[in-house]
Amino acid sequence: MGFRKDFVWGGATASYQIEGAAYDDGRGLSVWDMFCKQEGRIKDGWNGDVACDHYNLYQTDVDLMKEIGYKAYRFSIAWPRILPEGTGAVNEKGLDFYDRLVDSLLEANITPYVTLFHWDYPYELFRKGGWMNPDSPKWFADYADIVARRLGDRVKNIFTHNEPQCFIGMGYQDTEHAPGIRFPIWDTLLMAHNVLLGHGYAIQALRAAIPDAKLGIAPTCSAHYPDTDSPEDIEAARKAIFDIEPDRPFWSVSLWSDPVFKAEYPKKLWDLFGQHMPKIGADDMKIISQPLDIYGQNIYNGQAIRSDGKGGYDFVQRPWGNPITAAKWPITPKALRWGPKFMFDRYGKPIYLTENGLSCQDAVSLDGKVHDPNRIDFLHRYLKELRNAADDGVDILGYFHWCVTDNFEWAKGATERFGMIYCDFETQERILKDSAYWYRDVIRANGENL
C-alpha cells in the first residue's frame, strides 16, 4: 500500500534556532534571549543572536529546499518579532518578514506549514507571570489572530504549540531550557492548563480568521513499542505510551493530548496530583477540545515494552551497545511504526510526523562535501517503519525531517548538527549533505524506493 499519493514530504525548523536578527527591525526579547545571557546555560556560551541568519538569508534557504524537492516547509513564527511586548503594538516589520518568506515558499511551490509557538516566549510577558498569568491564554489567542489575519490568505496549515512537554517540562521542571527556573508542581500544572487553554482560544481565533485552514497541535513523546508482536506486549506498549510517570508527568502523551482530543485530563493525573490541580473552569475543557483537523507528532525514539503478565508493563533493557546518535539518543526505528498507530487508534485524527531526525558528527570533507551515511541509514530505517504504520491503516499525511539546516540546538549550542543542510556558522555558507540528495530521491519516488 505504501504512502498516500498526496503524501507531504518536507522539513522543519524553529524561529529562535535559525533566524538570528535578534535585535533587528523591532523584535522584542524572548525568554531564550535572556537565558542565553546566563553564564553556563548554553554549551560554549553560544546564543541565537545570529544563528543561521535565516532572517537575512531566507531566500538562499528556500532555494536549497526547492533543490531538495520539499513539498512543504514547517517553520515557527517568533512571537516577540510580531509583538515586541507580547501584546499591544504590532511590529509591522516582523510581519513583513513572514510575508516575504511565505511568498518565497509559494513561488518555489513549497507549501508553508506554520507553528505559532516554538518556545521563544516574549520576555515582557514572562515578567508578568508568563503562563501562570490568568490572561496568558488570551494573550496567545490575540497573537494567533494577528498572524492569521496577515498570513491566512496564503497559509492554510497551522499548528498552535510545539512540544509543550519541553517548554514546560524542560523550562520549569528540569530547568535545562529557558527560562530555567524550577517551579513547584501546582504552578507547573497551572501553566500546563493555561497552555492548553491558549491552544483552544487560538484555534477559535484561527477558525474565525481562516475558515478553510487545517489546524492542529504538535506535541512530542517517547514512542514506546512492543518487544514482540504478541497481543499482550502490544497492549502493554499501548498502556506505557499513554501512562503518566509520577516524577516526570509533563512528558506524557495523555496529559497534553487527552484534553485536546477527549476533553478530559487522564484519570491517573488526578490520582497522582489531584490536590495540586488548578481550578478547572466550567467551559475550560470545551475550549481546550476545539475540533482539530490534524495531529502533529514529533517522534525521535522510544523503548521496547513487554507485558508483566499482570495487566501492566515492563521496560525492556536496551541491548548492550544499542546504537545511538551523536546526541546520545537511542536509535529505535520501531517508534515510528507503533507511536503513530497507538495515537491514531486513541485519537482518530490524521497524523503528520512533524519532527524526526538525528544529530550526526558532520564535517566538511577534503572533497568539500558533507558525507552523512549515518543519517541516511537512520532515516531509511525510520521511514520504512512509518510506511509499515501506513500499511497498518494509520492515516499518515506527511513527514517533516528535523532539521532543514544545522542550527542553534538550544542548550547544546553549536555542538549538535541535525540538518540536511550543513551550516558554517562563521561564514554562513550552506552545503547540501549527502542525505539531502538521498531525501530528494525518496521524495521523487514517494517512498517507493525505501
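Student: Which residue stands opposite N298 in β11?

Tutor: This is a predicted model, where local features need pLDDT of at least 70, side-chain atom pairs count only at pLDDT 80 or more, and totals for chains, interfaces and linings use all residues. Residues are numbered from 1 along each chain as its sequence is written, and side-chain values use heavy atoms, with hydrogens and water left out. Strands (E, at least two residues) and helices (H or I, at least four) are DSSP runs, numbered from the N terminus. In β11, the residue opposite N298 is E355.

Student: Over how many bridges do β8 and β11 pair?

Tutor: Two strands count as paired if DSSP finds at least two bridges between them. Strand β8 covers residues 295-299 and strand β11 covers residues 351-355. They pair in the parallel sense, and the number of bridges is four.

Student: Which strands are the edge strands of the open sheet?

Tutor: The sheet has nine strands with parallel pairing, in the order β5-β4-β3-β2-β1-β12-β11-β8-β6. An edge strand here pairs on one side only. The two are β5 (214-218) and β6 (220-221).

Student: What angle does helix α8 make with β4?

Tutor: Helix α8 (residues 164-173) packs on the sheet and touches β3, β4, β5 and β6, a contact being heavy atoms within 4.5 Å. Axes are lines fitted to C-alpha atoms, for helices over the stretch in contact, and angles between N-to-C directions run from 0 to 180 degrees. Between α8 and β4 (157-162) the angle is about 20°.

Student: At what angle does α16 run to β1?

Tutor: Helix α16, residues 434-444, lies across β1 (8-12) and β12 (396-402). Its angle to β1 is about 150°.

Student: Is C403 buried or exposed?

Tutor: C403 is in no disulfide either, with the nearest cysteine sulfur, that of C52, 7.3 Å away. Buried means under 20% relative accessible area, exposed over 50%, and partly exposed in between (1.4 Å probe, protein chains only). With a relative accessible area of 0%, C403 is buried.

Student: What is the omega of the cis peptide bond between W402 and C403?

Tutor: Most peptide bonds are trans. A cis bond joins A178 and P179 with omega about 0°, P179 being in the loop between α8 and α9. C403 lies in the loop between β12 and β13, and the cis bond from W402 to C403 has an omega of about 15°.

Student: What is the phi of W119?

Tutor: Most residues other than glycine have a negative phi. A21, in the loop between α1 and α2, has a positive phi near 45°. W119 lies in the loop between β3 and α6 and is buried at 6% relative accessible area. The phi of W119 is also positive, at about 90°.

Student: Which residues lie nearest the centre of the largest pocket?

Tutor: On a 1 Å grid over the protein atoms alone, a pocket is an open set of points, where a 1.4 Å probe fits, with protein on both sides within 12 Å along at least five of seven lines; lining residues have an atom within 4 Å of a point. The largest pocket is lined by 38 residues. The elements giving two or more residues to that lining are α8, β6, α10 and β10. Nearest the centre are C166, M170, R248, W251 and W329.

Definitions and conventions:
Disulfide = S-S within 2.5 Å.
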